[in-house]
Amino acid sequence: ALILTLDMRYVGQNYELAVELPAGSADVALPEAEALRGIFFAAYERAYGHHDPEAAVEIVNIRLRALARLARAETTAPVAAAGGAAPYASQQVWFTAAGSVATPLYDRAALPVGFRLEGPAIVTQLDSTTVVPPGASILVDAASNLIMEIANA
């Protein structure tokens, strides 16, 4: 569905009234000027209890929203990890004041569904970094989300 909304006001006013045009076909077209004035007057009357049919009206903004139902992808049962993903590097990381710990670094894209990892570890990807502290674990779920469990101290 395509929804056309006009921000309209009387000329000289400092505020606008959002006026949603009646839904039509897939084609979007503005009604004639007199029809727009009538739609604005009706919306103004509903909002404020009066309108001035002699006053000039202007359109300040035009917005178009498109609504559509997205197709859902078929889901399949999760496939357990056939093996483990190997770390691509190791880094000394400080988790406590006691000192640094050798911490494996994993590439997020290389973690298969069903993979479980015990901390300490760091999972890297282009837009984020997930730190898995000692005593915590992560599991890659069926949707490839990282689910972290943190042990109570």
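Partly exposed here means a relative accessible area between the 20% under which a residue is buried and the 50% over which a residue is exposed. The model on screen is predicted.

Select Val-28 to start. At 38% relative accessibility, Val-28 falls in the partly exposed class because of that range. The residue sits in the loop that runs between strand 2 (17-20) and helix 1 (33-48).

With Val-28 they make up a nonpolar patch on the surface, and the accessible area of the three together is about 230 Å².

Which residues is Ile-3 in contact with, leaving aside its neighbours within four places in sequence? They are Glu-20, Arg-63, Leu-64, Arg-65 and Leu-67. Pick Arg-63 out of that list: its C-alpha is 8.1 Å from the C-alpha of Ile-3, although 60 residues separate the two in sequence. Leu-64, a member of the surface patch, is also one of the contacts of Ile-3.

Now select helix 1. Its 16 residues should span 22 Å at 1.5 Å a residue, and the end C-alpha atoms are 22 Å apart, so the two values agree. Colour the buried residues of the helix: Leu-36, Arg-37, Phe-40, Phe-41, Ala-43 and Tyr-44. An α-helix has 3.6 residues a turn, so residues three or four places apart point the same way. Show the strands as well; the cover over the buried residues of helix 1 includes strand 1, strand 2 and strand 3 (57-66).

How values were computed: Residues are numbered from 1 along each chain as its sequence is written. This is a predicted model: local features need pLDDT of at least 70, side-chain atom pairs count only at pLDDT 80 or more; totals for chains, interfaces and linings use all residues. Side-chain values use heavy atoms; hydrogens and water are left out. Patches are made of residues with over 30% relative accessible area and no salt bridge: like charges are joined within 9 Å, nonpolar side chains (Val, Leu, Ile, Met, Phe, Trp, Tyr) within 5 Å. Accessible areas come from the Shrake-Rupley method with a 1.4 Å probe; for residues, only the protein chains shown count as cover. A salt bridge is a side-chain nitrogen of Lys or Arg within 4 Å of a carboxyl oxygen of Asp or Glu. Helices (H or I, at least four residues) and strands (E, at least two) are DSSP runs, numbered from the N terminus. Buried means under 20% relative accessible area, exposed over 50%, partly exposed in between (1.4 Å probe, protein chains only). Contact means heavy atoms within 4.5 Å. The expected span of a helix is 1.5 Å times one less than its number of residues.
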